[in-house]
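Good morning. I will take one structure today and go through it from its domains to its chain contacts. Please have the sequence and the model open.

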Amino acid sequence: MENFSLTKHELIQLTEDTFIVSFNEWIEFEPTQFIMIETETSIVRKPFGLGRWNKRLAIGVQIIGPGTGYIVQQNVLNAHGPCGRGFVPPGGKGAMIATPACLPMAMDLKERHGCDVFIGSAEELSIEIPFPLVVGDEPFLNLLRSLRGYNWFLIVGSDQMEKVSYDVLKDKAEVFVSFNEYMACGIGACKGCAKETRTGLKHLCIDGPVLRGEEVWS
Amino acid sequence: MELRPPIVIASGIGGMGEYLKLIDPKCIGAYTLKTITFKPRHGNPPPRLIATQNYLINSIGLENVGVKKFIEELRGQVYDELFRKVKVIFSFAGENFEEYLLVAEKMVPYQDRFAAFECNFSCPNVQFNPLSNPTELKRMLLELRKRLNVFLIAKIGIEGGFVEDVAKLAEDCGWNGVTLINTIRALHVDGERIIAGGVSGPVLKPIALRAVYEVRKRTSLFIIASGGIMNEEDAQQFFKVGASAISIGTALYKNPKIVEKIAKMFY
Ligand SMILES: Cc1cc2nc3c(=O)[nH]c(=O)nc-3n(C[C@H](O)[C@H](O)[C@H](O)COP(=O)(O)OP(=O)(O)OC[C@H]3O[C@@H](n4cnc5c(N)ncnc54)[C@H](O)[C@@H]3O)c2cc1C
Ligand SMILES: Cc1cc2nc3c(=O)[nH]c(=O)nc-3n(C[C@H](O)[C@H](O)[C@H](O)COP(=O)(O)O)c2cc1C
Ligand code: FES
């Protein structure tokens, strides 16, 4: 766990509101770990999942408010991390189901663990990606229904996308979900990121962000 | 109590020492632990936080392991590294007056390990407000003072009575210091969601400044100022109106390095 500054190497626009930001620096991290980034728009730092793009450290950013807009515009970002538990896939064949903002995380998981990756997007992407892409809600649901022969799935995206995906996939394999909760510290101090689970209260910034879906949703 | 530098990590903000991973301990005068209650507390249901540019609202609800488990951890050397690196302040509370006394009694054998005990009388996220009953509060201040032989600090807020009256009462009951102020009850509307909790950050600063100013006029207590201290200039203003030390809270969530910057004022 460290404080550091990251300088922007490249900004790649994927859709109208989603970008990949790659950096000149590298930090060691495990899949699905995240960093807490300072913005001028909020009094607390904001969590962003770490990944890689074109062999560089990278994050994906979907602009949903002032903080995400700020991060895309800045050339230097102050942050601390890596935070959270790295995701260690169980054995067998696995797939990550993700939104475009999670492309760097997906690339990292693919490189380390050789799993399949499927990207579901509301719009076409402006770049070619090395993963199957489905555009729109119905094609995404059809994709999920068609997936067979996997031992595990990892779902990373918005709350709504994660729940919909979990409901379709839960009877097919073990399903892991990267949960979203508001965070302030990212290091287990503030107790802000509490999530009720079957086995008791978990704090996503230290026990997660990835938990088994069934721990949270029956 | 001598704090070098006179900078305290605020209770609840710094958890149980986690920020030592990100801040040089030499820049911390004392580290206040998360408030410990008599019984374990699960805390409030999520969402527990919402932040804007000027404030943070939290409804953590004093989630903590309870004093019995805390003592087990203390004896199990969980906090030994923390004690080696910094002075530590123990923060405690109860769901009624008796529970405050029970926590204090259980902690008597360990009091020497701590620089001070801070009694949290002002959490806005629990049902019980000790500050709203001055007669009972006085009884409790006296009883706690009788039981504890440690530097005793009352953490008081602005809800329940004039802060200078409560501080004077604490001084008259033999207490050594006050932390002024705690978060204040507030509410944020985020689309369809309503988040009620305690507000912290820059919006608290003028209120905390006034509290410190009034209490300094009435008492000679050790005053730890808490509320919206984000930078060196804020810190200076609190010392100007009578603070003995300043507490860094929400500012840690923006940039933990701010503690090191403010500490430079004293070297
Ligand atoms: C572990 C973790 C990893 C994340 N990784 C990424 C990532 O790689 N890329 C990415 O684009 N985003 C990621 N996010 C989400 C990202 O942190 C938020 O989108 C960002 O903080 C929003 O900031 P803002 O100022 O733009 O919007 P805000 O003004 O803060 O929020 C806009 C709206 O979104 C809601 N919202 C904001 N944050 C959250 C949250 N954490 N959970 C639920 N609702 C929320 C708010 O209630 C509000 O209605 C991650 C979140 C977590 C918890
Ligand atoms: C997430 C959070 C948790 C807190 N928990 C406690 C607590 O357990 N005990 C306590 O006395 N104060 C608690 N506080 C209040 C702070 O210690 C501090 O007094 C308050 O936030 C005002 O200072 P600030 O504006 O610098 O943050 C908490 C505040 C926050 C934001
Ligand atoms: S974000 Fe502070 S405990 Fe998880």
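By domain I mean a stretch whose bounds come from an automatic or database domain assignment. A residue belongs to the shell around a ligand, or is near it, if its C-beta atom, placed from the backbone, lies within 6 Å of it.

A word on the source. This is a predicted model, where local features need pLDDT of at least 70, side-chain atom pairs count only at pLDDT 80 or more, and totals for chains, interfaces and linings use all residues. Residues are numbered from 1 along each chain as its sequence is written, while chains are lettered from A and ligands numbered from 1 in the order in which they are written.

In total 24 residues surround ligand 1, and the closest are K46(A), G49(A), G65(A), G67(A) and T68(A). By class the shell has 11 nonpolar, 10 polar and 3 charged residues. Here Ala, Val, Leu, Ile, Met, Phe, Trp, Tyr, Cys and Pro count as nonpolar, Asp, Glu, Lys and Arg as charged, and the others, Gly among them, as polar.

Next, the two domains of chain A. Their C-alpha centres lie 18 Å apart. The contact takes 26 residues from domain 1 and 24 residues from domain 2, where contact means that two C-beta atoms, placed from the backbone, lie within 7 Å. On the side of domain 1 that touches domain 2, β6(A) gives the most, with 5 residues. That side has 13 nonpolar, 10 polar and 3 charged residues.

On to the sheet. In chain A, 7 strands form an open sheet with antiparallel pairing, in the order β4-β3-β7-β1-β2-β6-β5. Strands pair if DSSP finds at least two bridges between them. Which strands stand at the edges? They are β4 and β5 (51-53) of chain A, each with a single partner strand, so one side of each is left without a neighbour in the sheet. For β5(A), the pairing with β6(A) runs over 3 bridges, and G51(A) has A58(A) of β6(A) as its bridge partner. Helix α2 (residues 103-113) of chain A packs on the sheet and touches β2, β4, β5 and β6 of chain A.

Last, the chains. Chain A puts 23 residues in contact with 30 residues of chain B. On the chain A side, β7 (76-83) and β13 (194-197) each supply at least two residues. That side has 11 nonpolar, 7 polar and 5 charged residues.

That is the end of my part; questions are welcome.

Terms used: Helices (H or I, at least four residues) and strands (E, at least two) are DSSP runs, numbered from the N terminus. Axes are lines fitted to C-alpha atoms, for helices over the stretch in contact, and angles run from 0 to 180 degrees between N-to-C directions.
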